[in-house]
Amino acid sequence: MTEPAPGFSAVDHAHMGEALRLAARGLWTAHPNPRVGCVIAQGERVVGRGWHERAGEPHAEVHALRDAGSAARGATAYITLEPCNHHGRTPPCTEALIQGGVARVVAAIIDPHPAVSGRGLARLREAGIETDHGLMTAEARDLNPGFLSRMETGRPFVRAKLAASLDGRTVGPDGVSKWITGETARLDGHRWRARADGLLTGIGTVLADDPRLDVRLEGVDLAPRRLIVLDPNDRLKPGARLFGTGSPVLRVGRAPIADLPDHCETLSGLLNPDGRVDLDELLAELGRREINELHVEAGPTLTGALLAAGRVDELLLYQAPSLIGAGAPLVALPGVEKFDQRLHMVPIETRRVGADLRIRLRPARNR
């Protein structure tokens, strides 16, 4: 069992742990809002539970207060993110907590949203409610890397997914790439797609593989919230299978292309003088469009460019127990010409998925 954080009891720790598990229920649906859970307790006894499912619908605190009813009076509310104190898509949660009569509020982390950022807890203290924060902070941040990145840096959290053989090959010498990994690993990859606000790929991948880029999980009716295709030379075709998902497509290119479907928007003005997409400008624009987590499934050129530019926050690598020999490499890293220029990664999780291995890594700078 994890030791309670300083200043918090084992009971506090247990209730916040449950609030985090509730928050995770919104993993695929809460965007662009953060994933938030709330537990209301009288001592060790939980009297109310709630989580935020979709933007525009009640927040976790409101659901928990409704569940608790009159038992919320004098209770402690454990919330994975500081409650809001402003009118957005819904009324402020601080007022609901005050009206509910809770005596204490424990928040895992302060909300970096400029309209909140400490004001929520301050409002509660003004109303005579005891407040604490800082319990299970790391776990709460791991649940919302995209929302926090967008609030703190203005850009999404970028997660790049790659699949390769043991010798780092993504394509065989005959040009065949389906399938390097097994079905279990592929389904796992779809779960990561499902939690992203946007899925980014390059035109090279679209032309070579004609991927659908949808979410294919049994019993799940969910499409990527937005597909982003880098197409600097305007080569995207109307018949591309990715248009069949129904997801809005944002094409980054020079100019609009005739006959593309109506749900495809062209974003121009992001190309450098060398004709390449300005990655920083792109990420800033995606942040403005409320993209929290950006999932990248692209070829070695685009993925390598993002890695070399230091714009990949997490690498999701599926490694198959096979050797290919000749074939395409995992990534192409511009500017890495010497051994001592190599990019260092820190493994944060290693898990077997079927016959394959899934390794999550983050750049050493984020250690």
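In the predicted model, 5 strands form an open sheet of mixed pairing in the order β2-β1-β3-β4-β5, where strands are DSSP runs of E of at least two residues and helices are runs of H or I of at least four, both numbered from the N terminus, and where two strands count as paired if DSSP finds at least two bridges between them. Because β2 (45-51) and β5 (130-133) stand at the edges with a single partner strand each, one side of each is left without a neighbour in the sheet. Neighbouring strands of this sheet are turned by 15° against each other on average, direction ignored; axes are lines fitted to C-alpha atoms, for helices over the stretch in contact, and angles run from 0 to 180 degrees between N-to-C directions. Residues are numbered from 1 along each chain as its sequence is written. As the model is predicted, local features need pLDDT of at least 70 and side-chain atom pairs count only at pLDDT 80 or more, whereas totals for chains, interfaces and linings use all residues, and side-chain values use heavy atoms, with hydrogens and water left out.

Strands of a sheet pair through backbone hydrogen bonds, either parallel or antiparallel. Strands β1 and β3 run antiparallel and are joined by 4 bridges, with C38 standing opposite I79 in β3. Strand β3 in turn runs parallel to β4, again through 4 bridges, and T76 has R104 in β4 as its bridge partner. From β3, T76 and Y78 point one way and A77 and I79 the other way, all of them buried, that is, under 20% relative accessible area, with exposed meaning over 50% and partly exposed in between (1.4 Å probe, protein chains only). Strand β4 (residues 104-107) is joined to β5 by 4 bridges in a parallel arrangement, in which V105 stands opposite T131. Helix α2 (residues 60-68) lies across β1 (37-42), β2 and β3 (76-79), and runs at about 140° to β2.

The chain as a whole contains 10 helices and 16 strands. Its radius of gyration is 23 Å, close to the 21 Å that the globule rule gives for 367 residues, so the chain is as compact as a globular protein of that length; the radius is taken over C-alpha atoms, and the rule is 2.2 Å times the number of residues to the power 0.38. Along its principal axes, the C-alpha trace spans about 70 × 45 × 40 Å, and buried residues make up 49% of the 367 residues. Among contacts (heavy atoms within 4.5 Å) between residues at least 6 apart in sequence, 68% join residues at least 24 apart.

A search of the whole structure finds 30 salt bridges, each defined as a side-chain nitrogen of Lys or Arg within 4 Å of a carboxyl oxygen of Asp or Glu. In one of them, E297 pairs with R193, the closest N and O atoms being 2.8 Å apart. Since E297 lies in the loop between β12 (293-296) and α10 (300-308) and R193 in helix α7 (residues 183-195), the pair ties together parts that are 104 residues apart in sequence; both residues are buried. R251 and D231 form another salt bridge, with a closest N and O separation of 2.9 Å, which links strand β10 (residues 249-253) to strand β9 (residues 227-231), and these two residues are likewise buried. The side chains of R362 and E314 meet at 2.7 Å, N to O, linking strand β16 (residues 356-363) with strand β13 (residues 314-319) across 48 residues. Salt bridges that share partners join R362 and E314 into one network, whose members also include R35, D142 and R159.
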